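Here is a short tour for anyone who likes to check a model against its atoms. Please have the viewer ready and follow along.

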Amino acid sequence: FRRFLTSIYAEEIFHFHFAVADLRKTPDDLIELKAKEIFTCYLDKDAPSQVNFSSAVFGAVNTVMAMGNFSRTMYDVCDKEMAVLIQDRYVDFQSSPFFETYVRERESASKGDGKSSSSRRTRRAKRDLNWSGTGTGTGT
């Protein structure tokens, strides 16, 4: 899935997701630094890996930044839109050559009888990719 995201220049979605997950585990004394790094890298108008959120989400995060209310959960406001972004990319992935290649590789690596149905292959691929359809999977 990550190779697919890279091919469509959308890998920053996952990088942002993992940075926010890392922020949630950050020690208290480093929260402000880590929160600012995330903003600079993914949300600032000149961010090198900018993730596009709605103006409402960006405004909420920008307000938190301006007020200096840094916390482990300050980017939670992004979660719903992040889930939609990831789900949309996953749907695109399922109709891409990357998905077909992934399914073929998994089938050749498995010791199954080769009689898997298309829906069974899709379910297996989703499970292997740890994808729940909610934006919380990690992909491969």
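## The overall picture

Please keep in mind that this is a predicted model. The chain contains seven helices and zero strands, and reading along the sequence gives the pattern α-α-α-α-α-α-α.

Of the 140 residues in the chain, 34% are buried. The accessible surface comes to about 8,300 Å², and carbon and sulfur atoms hold 52% of that area. If you look at contacts with a separation of 6 or more, 60% of them join residues 24 or more positions apart.

Helix 2 is built from 12 residues and reaches 16 Å from its first C-alpha to its last, close to the 16 Å expected at 1.5 Å a residue. Its buried residues are E12, I13, F14, F16, H17, A19, V20 and L23.

Helix 6 covers residues 97-109, which is 13 residues. From first C-alpha to last, helix 6 reaches 18 Å, close to the 18 Å expected at 1.5 Å a residue. In helix 6, F99, Y102 and V103 are buried. Viewed down the axis of helix 6, these buried residues fall within an arc of 95°, so they line one face of the helix. P97 and S108 are exposed on the other side of helix 6.

Helix 4 spans residues 55-67 and includes A56. V57 also lies in helix 4. Which of them is buried, and which is exposed? A56 counts as exposed, at 58% relative accessibility, whereas V57 is buried, with a relative accessible area of 7%.

Leaving aside residues up to four places away in sequence, V57 touches V77, C78 and E81. The C-alpha atoms of V57 and K80 are separated by 9.8 Å, with the two residues 23 apart along the chain. For A56 and V77, which are 21 residues apart along the chain, the C-alpha separation is 9.5 Å.

## Salt bridges across the sequence

How many salt bridges does a search of the whole structure find? The search finds six salt bridges. One of them joins D79 and R24, whose closest N and O atoms are 3.2 Å apart. D79 lies in helix 5 (residues 79-94), while R24 sits in the loop between helix 2 (12-23) and helix 3 (31-43), so the pair ties together parts that are 55 residues apart in sequence. D79 is partly exposed, with a relative accessible area of 38%, and R24 is partly exposed, with a relative accessible area of 33%. R24 and D79 also belong to a network of salt bridges together with D76.

D28 and R72 form a salt bridge through their side chains, at 2.5 Å from N to O. D28 counts as exposed at 58% relative accessibility, whereas R72 counts as partly exposed at 30%.

The side chains of R89 and D92 meet in another salt bridge, at 2.9 Å from N to O. Because R89 and D92 are three residues apart in helix 5, they are separated by about one helical turn. R89 is partly exposed, with a relative accessible area of 21%, and D92 is partly exposed, with a relative accessible area of 31%.

## The cysteines

How many disulfides does the count give? With a disulfide taken as a pair of cysteine sulfur atoms within 2.5 Å, the count comes to zero.

Which is buried, and which is partly exposed? C41 counts as partly exposed, at 25% relative accessibility, whereas C78 is buried, with a relative accessible area of 0%.

Conventions. Residues are numbered from 1 along each chain as its sequence is written. This is a predicted model: local features need pLDDT of at least 70, side-chain atom pairs count only at pLDDT 80 or more; totals for chains, interfaces and linings use all residues. Side-chain values use heavy atoms; hydrogens and water are left out. Buried means under 20% relative accessible area, exposed over 50%, partly exposed in between (1.4 Å probe, protein chains only). Helices (H or I, at least four residues) and strands (E, at least two) are DSSP runs, numbered from the N terminus. Contact means heavy atoms within 4.5 Å. Accessible areas come from the Shrake-Rupley method with a 1.4 Å probe; for residues, only the protein chains shown count as cover. The expected span of a helix is 1.5 Å times one less than its number of residues. The arc is that of the directions from the helix axis to the C-beta atoms. A salt bridge is a side-chain nitrogen of Lys or Arg within 4 Å of a carboxyl oxygen of Asp or Glu.
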